[in-house]
Amino acid sequence: FCRDCILRAESFDCLDIPYYEYRQMREESVTATFAEKGFYDLFQFVEDTARMLTVNRKAKDFISGCMMSAAAYEYVILIWHFGCLPWKKRKKARETIKPYTWVLSFSENRLFRLAGLLTKLVGFSVTSWLLDLYKRAK
């Protein structure tokens, strides 16, 4: 929804202030729950964004590049959630998301780029586990 609003806006501005906060790591929080459907819904956002805003893995324009950084963020969440999938469902999930690791190149965030490198070196399961350790340590 936000992506589509920004892309259709004639103008917009960004506020460098925290105007909302996720209730992470709390039982009742939506961010503390995981569902396989949510994993694939999130992937759908990444895939749709990449198809809409890139040509040959390059952003169509400056705004598209900025919006692709949001897709990169969501891709890291996908890697983290990959570890929540049952083992028997991970092969299909890996085959689904692996072709989109290039989306991480749109982020300047070192952690995101490291996540992309780690998936190449040690795979999605280990990278997901490491991201979970990092998240819990924060």
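Q: Which residues in H5 are buried?
A: In H5, the buried residues are Phe112, Ala115, Gly116, Thr119, Gly123, Phe124, Ser125, Thr127, Ser128 and Leu131, where buried means under 20% relative accessible area, exposed over 50% and partly exposed in between, with a 1.4 Å probe and protein chains only. Helices here are DSSP runs of H or I of at least four residues, numbered from the N terminus.

Q: What sort of model is this, and how are residues numbered?
A: This is a predicted model, in which local features need pLDDT of at least 70 and side-chain atom pairs count only at pLDDT 80 or more, while totals for chains, interfaces and linings use all residues. Residues are numbered from 1 along each chain as its sequence is written, and side-chain values use heavy atoms, with hydrogens and water left out.

Q: Back to H5: what do its buried residues pack against?
A: They pack against H3 and helix H4 (87-97), contact meaning heavy atoms within 4.5 Å.

Q: And where is the kink in H5 centred?
A: The kink, of about 125°, is centred on Val122; the bend at a residue is the angle between axes fitted to the seven residues ending there and the seven starting there. H5 spans only 17 Å between its end C-alpha atoms, whereas a straight helix of 28 residues would span 40 Å at 1.5 Å a residue, the expected span being 1.5 Å times one less than the number of residues.

Q: New topic: how many aromatic pairs does the structure hold?
A: It holds 6 aromatic pairs, counted when the ring centres of Phe, Tyr and Trp (its six-membered ring) lie within 6.5 Å, with planes under 30 degrees apart taken as stacked, over 60 as edge-to-face and the rest as tilted. Among them, Phe39 and Tyr40 form an edge-to-face pair, 5.1 Å centre to centre with 85° between the planes.

Q: Why is the pair of Phe82 and Phe124 tilted?
A: That pair is tilted because the planes of Phe82 and Phe124 lie at 45°, with the ring centres 5.6 Å apart. The pair links distant parts of the chain, with Phe82 in helix H3 (residues 62-82) and Phe124 in helix H5 (residues 110-137), 42 residues apart.

Q: Are those two buried or exposed?
A: Both Phe82 and Phe124 are buried.

Q: Which residue has its charged end over the ring of Trp87?
A: The charged end of Arg90 sits there, 4.0 Å from the ring centre; a charge sits over a ring if NZ of Lys or CZ of Arg is within 6 Å of the ring centre and within 35 degrees of the ring normal.

How values were computed
Helices (H or I, at least four residues) and strands (E, at least two) are DSSP runs, numbered from the N terminus.
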